Amino acid sequence: TDVTGDEDTVWTTGIDWMQENFECCGITTPDDWSADAGAAVWWIKVTGGNHENDVPDSCCKDISEDCGAGYAVPYDENDDTPYDNKIYADGCYDKAVDWAMDKAMIMGICGIIFIVFEIINGMFALCLRSAE
């Protein structure tokens, strides 16, 4: 997707990427996209007000044109197949935090390994210097 110079497309592409790859929809639930929730005012406005009860197609498990129509509504948490199992029922916030924490753990481990490696290199340098 060409996103140069179009801020709306950049945001849309980022949100779509997150929802597709993290298999989530909305911030906490898909009904975050509804007009009543007030979180998706921008999306509803730029689409001409046509999506007051819809979620973006990137929320759908099998993406197709208008597959998210009518799904920006609360669901019964006791339902075994929320949203008819057609869209992701989990919000993206928790999944994004988990992803970031996972990457932070990897970076922390790499940092510790690097520090240990530098300490060992420093000791070798001192040993070589004292051997002269």
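Select Lys103 and Asp102 to begin: Lys103 forms a salt bridge with Asp102, the closest N and O atoms lying 3.8 Å apart. A salt bridge here is a side-chain nitrogen of Lys or Arg within 4 Å of a carboxyl oxygen of Asp or Glu. Lys103 is partly exposed at 35% relative accessibility, and Asp102 is partly exposed with a relative accessible area of 41%. On this scale buried means under 20% relative accessible area, exposed means over 50%, and partly exposed lies in between, with a 1.4 Å probe and protein chains only.

This is a predicted model, in which local features need pLDDT of at least 70 and side-chain atom pairs count only at pLDDT 80 or more, whereas totals for chains, interfaces and linings use all residues. Residues are numbered from 1 along each chain as its sequence is written, and side-chain values use heavy atoms, with hydrogens and water left out.

Next, select Asp90 and Lys95. Their closest N and O atoms are 3.9 Å apart, and the pair forms a salt bridge. Asp90 is partly exposed, with a relative accessible area of 44%; Lys95 is partly exposed as well, with a value of 27%. By the rule given above, the count comes to two salt bridges.

Now display the whole chain as a cartoon. The protein has three helices and zero strands, and its pattern along the sequence reads α-α-α. These elements are DSSP runs numbered from the N terminus: helices are H or I runs of at least four residues, and strands are E runs of at least two. Helix H1 spans 7–21 and helix H2 spans 41–46, while helix H3 covers 92–131.

Move to the loop between H1 and H2, where Asp32 lies. Beyond its neighbours within four places in sequence, Asp32 is in contact (heavy atoms within 4.5 Å) with Gly26, Ile27, Ala37, Ala39 and Ala40.

Remain in that loop and select Glu23. Glu23 has a positive phi of about 50° although it is not a glycine, and it is partly exposed at 44% relative accessible area. Then select Asp66, in the loop between H2 and H3. Asp66 also is not a glycine, yet has a positive phi of about 60°; its relative accessible area of 45% makes it partly exposed. Most residues other than glycine have a negative phi.

Centre the view on Cys25: setting aside residues up to four places away in sequence, it touches Gln19, Pro30, Trp33, Val55, Cys59, Tyr88, Asp90, Gly91 and Cys92.

Finally, show the surface. The protein exposes about 9400 Å², of which carbon and sulfur atoms supply 58%, by the Shrake-Rupley method with a 1.4 Å probe. Buried residues make up 23% of the 132 residues.
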